[in-house]
Amino acid sequence: MKILQVIIKNLKLLTRSKGSALIVLLGPLILMLLISLSFNNSTLFNVKIGAYSDSYSELAESILSQLEDEQYKVVKVDSEEDCVDKVKTEVVQLCLLIPPSLQITSHEPITFYVDDSRINLVHLIINTISNKLSIKSEELSIDLTTKIVNVLNDANVKIAEESPNLPEVKSTLTLTESKLSELDSAISGLESTSSISSEISNIQLSLNVSSGEFSNLTSLVSALETKISQVKSSSEGVSSLVSQISKEKEKVERLNSALSSIIINIDSIEIKDIDKIVNPISSEVRPITTDSTHLGNAFPVLLMIVLMFTGIVLSTSTVIDEKTSKAYLRNYISPTPSVFFIIGDYAFSLIIMLLQMAVIFIVTILATSAPFSYIELLNTLVALILISSVFILIGMFIGYVFRSSETANMASISVATVLLFFSSTVLPLETLPVTIREIVKYNPFVLGESLLRQTILFKESLQGSYIVMSAIILYISVLAVLTYLTRRLNKNI
Amino acid sequence: MPRAPFIEIKGVSKTFGKNIVLNNLNLSIPYGEIFGILGKSGSGKTTLLNILIGFIHPDKGNITFQSRDINYDLFEVRKQFGFAAQEGSFYPTLTVEENLTYFGKMYNKNSDYIKKRISKLLSLVELGKKENVVAGNLSAGMQKRLDIACSLIHDPKIVVLDEPTQDLDPALRREILDLLKKINKEEETTIILTTHLLGEVEVICDRVAILHENTIIKQGTVDELEDIFSGTKEIHIVTSPGNYKSIVEYIRGDKDIEGIRKVGNKLIVYAQDAEKVMKALLTVIDKEDEELIEIGLHKPPLDEVFEYLTK
């Protein structure tokens, strides 16, 4: 009953201080509404890319036109220095230095100039630009590969068409060789005319005729002898030709074998699909969340930021307002134990935060049409209560430690900022050294974000996050004890 | 004849850092009276009250309420105490009724009781038609009365008020003092108040304690305190050209003189045997060729005695 009175009193105090009520109740809601309206998409808008080249080749122009679309606008600049300066002054978000007269055969790389201090933007742009360049590069690669494959296919077809002629050539050569061999043998078989001359001499003796009677015949024999000598001498050329044909036959055989081998090799190429050759390993990035908008993916983080800042600042100001209020003394000397005021202030802050969360969820669900089942909402509610409790208790602890509202508010904002900084919101935790990361992963903001991602993005039950839940519950327990002790110590001036 | 002690403070000391605020303080407060604690600003009056209501723990000593040590059963004792701080102890953005209801609940009172009590208290402190007015919108006098009503919501046996007339104009001051008398009479509530204005104590207090240099130097009824200084009288002298230095030098050694001070162009001499001292003064005025403009004999008011004692 007393706790209820404390809650009602705090609600009245909050609602009657219109400025505070506006900031505490409407501030986060307006923030979330604006974020919902602004980031409920998956694109970038009007990102300017500076480009410079001494001479823009057709390929360079093609690349630039590939980059330009509704998100990216390419701005050609006058020099490399100008391009870099424009990145520094944020006129463009990235500078592209293209080698002069860029050709496929060029070996000079395309250079990106980026402003590393704009970490998130840089990664987002580089990712997209690299993808776009990869697409262009792939297009070029496909063109080149297509040409090569076409040439190979043509060669294969022609070889297949022409190679059957080779055995015919070989057989012709064999026949020619055989005929020439026969000719060679025939020539070799031609005998000398000396026996004819001897027979003529015998006949002349037997007939006892003068040699003049056979002079014509002797002349013919002599002429024949000459012709035979001539044929015999030319038979060496026939032998050489036979040998030559034999060698040519071997060459034809080797050529036939080589062409067969080429045909077999070409035929043995299993992958002839050009896309497969260009990208032998295909990959596909599939999001594990159903929502692809910036808001959908960033929703747990945004919720955490609102939860943390509201929780810490609201509870700090509730405690410090009570401590510095004129009524503090009367509350203190009343027979009401400290724990009632602590629970009352905690419950008040929790109610305000849950109200805020309820409105944020309604606005978000309406804005994004994201489906939520009752079980998911229940899991999320439990997660929100646990996370809110941690931040409320941190804020109350700060409120009891400090005496003036200025220092307490400064401390609460500082603590919230430190928790935010040592989370993945600004830089991925993976950028931290391992030892620090091991500590930072127990940052309540990190734990809370993890829990909300499980329940909101992945629609998982809380049972799977029992380690995170245990850590959060441990935080709540320790902070509750610390808050109680601090209030008791703080009261006894 | 003092009544039996309702509250007894024994040997209480309190130090903040190196600053000794209360040192071996002893005090007895009887039941049903209006008890004034007098002291200059910074004399430790508020610290004493804060110890009395249990907001601050003393370094040494103990406080008993109806013969019970208040620290043994603090919550039970607190139910018997009401407290009104200098600046008022309520929520300015809540209404009069909301403030009274809230503090009634904090004192474990049920709704019916609170409703009836609010009605009675608002009538007592004359805020009858202001129950729905936001406390911060009330006038200074009304806020003071609301604060007193808040301290009475749980019907305490004793109400402790820290400088209840602080920052109020004379008319409002009178109103509050009358209200305290009324509360003491109608509610039979013992009232302990601190003030540095002794005139107020003379008006309403039955008993007074003077807090000076970290401890109580005198306590008793107003009459008893006045009796302590009954033999002392004030001689007021105005001379021309007013060379009081030589006059003071002349009479300084007189054992009948308890104090001398200059207020404006007037020299005030506190003396036991005033007539004898007055003669001596006339002699020296004549000797120093001072022209006597005015001379008179007065009984010192209590505030001047207080001021003299705490100088």
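This is a predicted model: local features need pLDDT of at least 70, side-chain atom pairs count only at pLDDT 80 or more; totals for chains, interfaces and linings use all residues.
Colleague: What makes B:Asp147 and A:Arg330 a salt bridge?

Modeller: Their side chains meet at 2.6 Å, N to O. The cut-off is 4 Å between a side-chain nitrogen of Lys or Arg and a carboxyl oxygen of Asp or Glu. The pair therefore qualifies.

Colleague: What makes A:Lys12 and B:Glu98 a salt bridge?

Modeller: The value here is 3.4 Å, N to O. The limit is 4 Å, so this pair counts too.

Colleague: Why does that pair join two chains?

Modeller: A:Lys12 lies in helix H1 (residues 2-16) of chain A, and B:Glu98 lies in helix H3 of chain B, so the link crosses from one chain to the other.

Colleague: How many salt bridges are there between chain B and chain A?

Modeller: There are three. Over all chains, the structure holds 24. Polar contacts between chain B and chain A come to 16 residue pairs, both residues at pLDDT 80 or more.

Colleague: Which elements of chain B supply the side that touches chain A?

Modeller: S1, helix H2 (74-78), strand S6 (81-84), helix H3 (96-106) and helix H5 (140-152) each supply at least two residues. H3(B) gives the most, with five residues. By class, this side of chain B has 16 nonpolar, ten polar and seven charged residues.

Colleague: How much area is buried between chain B and chain A?

Modeller: About 2,800 Å², and carbon and sulfur atoms give 62% of it. That figure is the accessible area the two parts lose on being put together, summed over both, so it covers both chains. B:Phe55, B:Tyr91 and B:Met106 supply 26% of what chain B buries against chain A, more than any other three residues. The contact takes 33 residues from chain B and 26 residues from chain A.

Colleague: Now the sheets. What makes S1 and S4 of chain B paired strands?

Modeller: Five bridges link strand S1 (residues 5-16) and strand S4 (residues 60-65), in the antiparallel sense. Pairing needs at least two bridges, so these strands pass. One example is B:Ser13, whose bridge partner in S4(B) is B:Lys60.

Colleague: Which strands of that sheet are called edge strands?

Modeller: The order is S2-S1-S4-S5 in chain B, an open sheet with antiparallel pairing. Strand S2 (19-30) and strand S5 (68-69) each pair on one side only, and they are the edges. Helix H1 (residues 45-52) of chain B packs on this sheet, touching S1, S2 and S4. Its direction makes about 120 degrees with that of S1(B).

Colleague: What is the strand order in the six-strand sheet of chain B?

Modeller: The order is S6-S7-S8-S3-S9-S10, open, with mixed pairing. S6 and strand S10 (215-221) have a single partner strand each, so one side of each is left without a neighbour in the sheet. The twist averages 15 degrees from one strand to the next.

Colleague: How do you know that S3 and S9 of chain B pair?

Modeller: Five bridges join strand S3 (residues 34-39) to strand S9 (residues 207-212), which run parallel. The requirement is at least two, so the pairing holds. B:Ile37 stands opposite B:Ala209 in S9(B).

Colleague: What makes the backbone at A:Ser101 worth a look?

Modeller: A:Ser101 has a positive phi of about 45 degrees although it is not a glycine. This residue lies in the loop between strand S3 (94-97) and strand S4 (111-114) of chain A.

Notes:
Residues are numbered from 1 along each chain as its sequence is written. Chains are lettered from A and ligands numbered from 1 in the order in which they are written. Side-chain values use heavy atoms; hydrogens and water are left out. Helices (H or I, at least four residues) and strands (E, at least two) are DSSP runs, numbered from the N terminus. Contact means heavy atoms within 4.5 Å. Axes are lines fitted to C-alpha atoms, for helices over the stretch in contact, and angles run from 0 to 180 degrees between N-to-C directions. Buried area is the accessible area (1.4 Å probe) that two parts lose on being put together, summed over both. A polar contact is a pair of N or O atoms within 3.5 Å; within protein, one must be able to donate a hydrogen and the other to accept it, and residues adjacent in sequence count only if both atoms are side-chain atoms. Ala, Val, Leu, Ile, Met, Phe, Trp, Tyr, Cys and Pro count as nonpolar, Asp, Glu, Lys and Arg as charged, and the others, Gly among them, as polar.
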